[in-house]
Amino acid sequence: MSPAPTGAGSDAAALTAAEVAALADLAERAARAAGELVRAGRAEHGTVTATKSSRTDVVTDMDTAAERLIRSMLEAERPQDAVLGEEGGATGGTSGLTWVLDPIDGTVNYVYGIPAYAVSVAVVAGPPSPPAWQPVAGCVHNPETGETWTAALGAGSRLNGEALPGPQRPPLAEALVGTGFGYTAQRRAEQAAVVAHLLPRVRDLRRIGSAALDLCAVASGRLDVYYERGLNPWDVAAGWLVASECGVALVGLDGAGASSEMLVAAAPGLAEEVAAAIAGVPSGAGAAASS
Ligand code: IPD
Ligand code: CA
């Protein structure tokens, strides 16, 4: 987890509705501009140029170019805010607000031409990581489908401008569950144990490949549950607000708040039921959550 660039004195409650709306507008403009860039540049620059935590954790020229573009828009309009981006790391600010960016969430899908990746732009008050943060505004934009999820604190969440109805609440045995896997072999072995435990207990599992889109899918009724261990703040910041603003519960294990370490998103009641099922896996995320 990256260090907090700022956060001093931030308070989402001090922001007016007009200020929150202006932040949401900037998040959407930045996400759309970056989306256009990455979609147009995929054929020429969408190949792997570096790896990070493992040989399968990849970066393309377009990840870095898109983050640069978003940062330049933020610097022009909000120079007082801090920024935390997947590719560029942490930059300090003075306002107590931090922009949390993932220029391409779902980079592996992007490289393979699978149309399930997104630009994720959010602004949070307080420390820029869960559970202490307060996401204030966010946008998740899929440049391939044109679908754009937006959310503003206290003002609900939308898909292409239409208010989201909120999550469905089927019984666990009828729930369609999304998840994701980390990039290291050890973590994947633990995640496989959780999958083996859950699969016989639910309708089916999906591994879509973008945490931001997974959270938006729960908000849109396309998944009933999404859970993942070991995410980063930039994977989830915008999707977190999209989900929470339409009534999705975000929880951790054993009564803990959702965090990057473990996040379960679903309708209230179902989220806790899934968290309890995961915590009960002997050698899975329950046992390993604090490792
Ligand atoms: C990844 C995606 C994936 C999730 C991984 C993330 P990236 O982000 O969100 O769905 O399972 O944990 O790291 O690397 O494509 O930006
Ligand atoms: Ca990501």
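Trainee: How far is an oxygen atom of ligand 1 from an N or O atom in the side chain of E86?

Mentor: Please bear in mind that this is a predicted model. A polar contact requires N or O atoms within 3.5 Å. The pair formed by an oxygen atom of ligand 1 and a side-chain N or O atom of E86 is separated by 3.1 Å.

Trainee: What share of the area that ligand 1 exposes when taken alone does the protein bury?

Mentor: Taken alone, ligand 1 exposes 380 Å². Of that area, the protein buries 95%.

Trainee: Which residue has a polar side-chain atom 2.7 Å from an oxygen atom of ligand 1?

Mentor: The shell around ligand 1 holds 16 residues, and D105, G106, Y183, A211 and E228 are the closest. G209 places a backbone N or O atom 3.2 Å from a ligand oxygen. The side-chain atom at 2.7 Å belongs to Y183.

Trainee: Why does ligand 1 lie between two domains, and which are they?

Mentor: The space that ligand 1 takes is the largest pocket. Strand 5 (residues 97-105) gives the largest share of the shell, three residues. Ligand 1 lies between the two domains because both give residues to its shell: domain 1 (12-163) and domain 2 (172-279).

Trainee: Turning to the backbone, which residues does a cis peptide bond join?

Mentor: The loop to inspect runs between strand 6 (118-125) and strand 7 (134-141), and P131 is found there. Omega is about 5° for the cis bond, which joins P130 and P131.

Definitions and conventions: Residues are numbered from 1 along each chain as its sequence is written. Chains are lettered from A and ligands numbered from 1 in the order in which they are written. This is a predicted model: local features need pLDDT of at least 70, side-chain atom pairs count only at pLDDT 80 or more; totals for chains, interfaces and linings use all residues. Side-chain values use heavy atoms; hydrogens and water are left out. A residue is near a molecule or strand if one of its heavy atoms lies within 4 Å of it. A polar contact is a pair of N or O atoms within 3.5 Å; within protein, one must be able to donate a hydrogen and the other to accept it, and residues adjacent in sequence count only if both atoms are side-chain atoms. Accessible areas come from the Shrake-Rupley method with a 1.4 Å probe; for residues, only the protein chains shown count as cover. On a 1 Å grid over the protein atoms alone, a cavity is a set of points where a 1.4 Å probe fits but cannot get out, and a pocket is an open set with protein on both sides within 12 Å along at least five of seven lines; lining residues have an atom within 4 Å of a point. A molecule sits in a cavity or pocket if more than half of its atoms lie within 2 Å of its grid points. Helices (H or I, at least four residues) and strands (E, at least two) are DSSP runs, numbered from the N terminus. Domain bounds come from an automatic or database domain assignment.
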